[in-house]
Amino acid sequence: MIIRLRGELAHAGLDYAILDVGGVGYQVYLSARVLSRLPGIGQPFTCFTHLVHREDAMLLYGFASLEERELFLMLTSVSGVGTKTGLGVLSIMDAPEVVSAIAMGDAKRLAKAPGVGKKTAERIILELKEKLSAKRSAYRDLAPLPAGASYAPVADAFAEAELALLSLGFDPDEIAGALSRIPAGTSVEDAIRQAIQALSGP
């Protein structure tokens, strides 16, 4: 599995880029958001990738972060959502915005993505909201913690932010710590952004 590529940008197409890695050119399909932030030709570029092996081709899809890659895999696990649609969703919203829309059941917002109609948006919410909830519950059902330790749930106001961050693979106790430092009254999406910045920092 090719999980990450680092090289020089050799070409930028309408929905893909060619990345020169040690003299080998890799065609990587990207969301519109990532394409809009590409460096100049010949400049260094790094992306996280997912390889899709089909009968007639092997296709690489690229992402700005591991969290975005994880979300893409979750989206394409939904019945009727293919790779093109998954990239379409990530083209109009970044990862925190997508997870927030799912957590809040905002089908109208998801339906704005190319290839996503009302029914598909509702299916994404139905299937992924359950998965996110199950993932959140699983953290509370882990094996017993060391003596004196306990899982610290976040305030109810940030429950949806916690759910989003868990779905992106962050540690539950680190999430609780990050969210505890965010002022009350902050919107869910801003809380997710601030927490991701804190959790991804040095």
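I began with the secondary structure of the protein chain, which comes to nine helices and five strands; these are DSSP runs numbered from the N terminus, with helices being H or I of at least four residues and strands E of at least two. Read along the sequence, the pattern is β-β-β-α-β-β-α-α-α-α-α-α-α-α.

I noted that this is a predicted model, where local features need pLDDT of at least 70, side-chain atom pairs count only at pLDDT 80 or more, and totals for chains, interfaces and linings use all residues. Residues are numbered from 1 along each chain as its sequence is written, and side-chain values use heavy atoms, with hydrogens and water left out.

I looked up burial next. Of the 202 residues of the protein chain, 42% count as buried, meaning under 20% relative accessible area, while exposed means over 50% and partly exposed lies in between (1.4 Å probe, protein chains only).

I turned to helix α2 (residues 66-75), where seven of the 10 residues are buried, so the helix is largely enclosed by the rest of the structure. Among the buried residues of α2 are Phe72 and Leu75.

I then checked Val89, which sits in helix α3 (residues 83-92). Val89 is buried, with a relative accessible area of 1%. Beyond its neighbours within four places in sequence, Val89 is in contact (heavy atoms within 4.5 Å) with Leu75, Val98, Leu110, Ala113 and Val116. The C-alpha atoms of Val89 and Ala32 are separated by 9.7 Å, and the two residues are 57 apart along the chain.

I ended at Met1, in the segment before β1 (4-12). Met1 counts as exposed, at 70% relative accessibility.
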